[in-house]
Amino acid sequence: MREKILTYIERNSRVNLKDLAILLGTDEVMIANEIAAMEKEGVICGYHTLIDWDKTGSEKVTALIEVKVTPQRGQGFDKIAERIYNYPEVDCVYLISGGFDFMVMIEGKTMRDVAQFVSDKLSPQESVLSTATHFILKKYKDHGSVMVHQSKDERMLITP
Amino acid sequence: MRNPLSDAVVNIKPSGIRKFFDLVSEMEDAISLGVGEPDFDTPWHIRDEGIYSLEKGRTFYTSNAGLKELKVEICKYLNRRYHVEYNFQNEVLVTVGGSEGIDMAMRAMLNPGDEVLIPQPSYVSYEPCAVLAGAKPVIIELKAENEFRLTAQELRDAITDKTKLLVLPFPNNPTGAIMEKADLEAIAEVIIEKDIFVLSDEIYSELSYNGEHVTIASLPGMWERTILINGFSKAYAMTGWRLGYACGPKEIIAQMTKIHQFAIMCAPTTSQYAAVEALRNGDEDVARMREAYNQRRRFLMHAFREMGLECFEPFGAFYVFPCIKEFGMTSEEFAERFLKEEKVAVVPGTAFGDCGEGFLRISYAYSLDNLKLALEKMKRFVERLRAEQKRG
């Protein structure tokens, strides 16, 4: 049941509990309890809103930064990650496999903001060897939602 | 000038709800609960295979019975999902949708004067196909109190010396009814005793919400007297690709293939390549869509219960079939008023046979938001009708 709840609210966290209970064929109290428990256990970490800022006319830039580091003795990558993710302007930090170590996602008001973050805060860190910053030009799909167009029901109204 | 037309065709009665269909098509801003096809797009990896096959220039005919890879995958699939075995070499025919398979099977199996048993309410094509094959359709009226399942007694009562074929349309369009293993065993006994054949239309087999679908071909003694019809339209949301298949004993499939060869040549090649991908890598898509339908099904049942509409709980396809007899009007009158007053299109039960009178087919192949909106309107409409009745 937990998996079913999570699968549903991952796409629509605003569903009301009564509806969700009907959809999953269970009762509302049980769903409420499960969700509360998962919030407490940290399975559910937050509820966010997916916003296409481009449509609001507000100027925001997002960048993906590849970061190469030297892990510190006894602390591995976690300590370095912490030094990075503690900056509030950092959205995501992932440890990844492949040619570099961290993927850092950052959102700034302007490109200058982002550039400044990289040059002033990220690169000077002792364990950071190199960075490569990629600015996002257009978001096509985010969190499973396609942002470029809305599909329309083109089926005939009635078919046998 | 001489009459250019065939009497047999002219005499097939047109669908009784043509008028209603025309009415709906004029309403541009209506919202609909009347569609008989999935609301999902065909999963991208399947579409991509179709596109790839075009890019590779696979624009030729395939062999009459279908691509070998596809027939192999169909046999593997039927074995893995429904525990029936078919030989891909001569026991499978790939058709243009399940509909073609129904037509081919009837034409291959029926002689003039043979009787075909057609349980109704059911899909609209069985009766005309039987007539076009020169046979006589005999309707079995399924009952709401049996949850629109076919009982052994109903079957026995309908069989005469001339009965040759039983159409078995489960999971059912329009009722959403299913036949569970015990139901099938009960009728299989009659079928074997009376030595008749079965045309089992299992196009909705993947949309079963109460345990696994059972095919009658998997019961002892039934494989050799069953033509199994299935396809890609409902399970993989591939209606527009027009692809289905028929499986059965090679003697029957050979004759069906003969007609198919002359009438159709072969099913669309692009669709066949896409279907190979669907069967190889589509199980997760099917499970995802089934879960979504099941959620909406629960939602709809709940809404009908709250409205106080009588409705048995359907466990198959993507339809519910509520009863509207309490309002004292025909299905078509109800549907017309509902359309005119609330701009919601539903299909009157009579579209699927006379015994659908007093019922509506409501499809849940729609997004939840769409369903919610339509159900709100339905609630308002039903309350208005009840108030009218009270006033007399």
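In what order do the elements of chain A run from the N terminus on? They run α-α-α-β-α-β-β-α-β-β-β. That makes 5 helices and 6 strands in chain A. Helices (H or I, at least four residues) and strands (E, at least two) are DSSP runs, numbered from the N terminus.

This is a predicted model, in which local features need pLDDT of at least 70 and side-chain atom pairs count only at pLDDT 80 or more, while totals for chains, interfaces and linings use all residues. Residues are numbered from 1 along each chain as its sequence is written, and chains are lettered from A and ligands numbered from 1 in the order in which they are written.

## Chain A

The radius of gyration of chain A is 21 Å, well over the 15 Å that the globule rule gives for 160 residues, so chain A is more spread out than a compact globule. This radius is taken over C-alpha atoms, and the rule is 2.2 Å times the number of residues to the power 0.38.

Chain A is divided into domain 1 (2–41) and domain 2 (53–137). Such bounds come from an automatic or database domain assignment. The C-alpha centres of the two domains of chain A lie 34 Å apart.

Helix H2 of chain A spans residues 17–24, and its buried residues are A:Leu20, A:Ala21, A:Ile22 and A:Leu23. A residue is buried if 20 or more other C-beta atoms lie within 10 Å of its own, exposed if 12 or fewer, and partly exposed in between; C-beta atoms are placed from the backbone. What covers these residues of H2(A)? The cover includes helix H1 (2–11) and helix H3 (28–41) of chain A, together with H11 of chain B. Just after H2(A), A:Gly25 takes a positive phi of about 70 degrees.

## Chain B

Chain B has 13 helices and 12 strands. With 392 residues, a compact globule would have a radius of gyration near 21 Å; chain B has 21 Å, which agrees.

The table sets out like values for the chains. Contacts here mean C-beta atoms, placed from the backbone, within 7 Å.

## The nonpolar cores

A nonpolar core is a set of buried Ala, Val, Leu, Ile, Met, Phe, Trp, Tyr and Cys residues joined through C-beta atoms within 7 Å. The largest one has 121 residues, and B:Val92, B:Ala105, B:Met106 and B:Ala246 touch the most other members. Helix H11 (residues 283–307) of chain B gives the largest share of this core, 7 residues.

B:Met106 touches B:Val116, B:Cys129, B:Ala130, B:Ala133 and B:Ala135, not counting residues up to four places away in sequence.

## Where the chains meet

In the contact between the chains, 18 residues of chain B meet 9 residues of chain A. On the side of chain B that touches chain A, helix H2 (18–26) and H11 of chain B are the elements that give two or more residues. H11(B) gives the most, with 4 residues. By class, this side of chain B has 10 nonpolar, 6 polar and 2 charged residues. Ala, Val, Leu, Ile, Met, Phe, Trp, Tyr, Cys and Pro count as nonpolar, Asp, Glu, Lys and Arg as charged, and the others, Gly among them, as polar.

## Backbone details in chain B

The peptide bond from B:Gln120 to B:Pro121 is cis, with omega near 5 degrees. B:Pro121 lies in the loop between strand S3 (115–120) and helix H6 (126–132) of chain B. A cis peptide bond also joins B:Asn173 and B:Pro174, with omega about 20 degrees. B:Pro174 is in the loop between strand S5 (163–168) and helix H8 (181–193) of chain B.

B:Phe148 is not a glycine, yet has a positive phi of about 55 degrees. B:Phe148 is buried, with 27 other C-beta atoms within 10 Å.

Methods:
Two residues are in contact if their C-beta atoms, placed from the backbone, lie within 7 Å.
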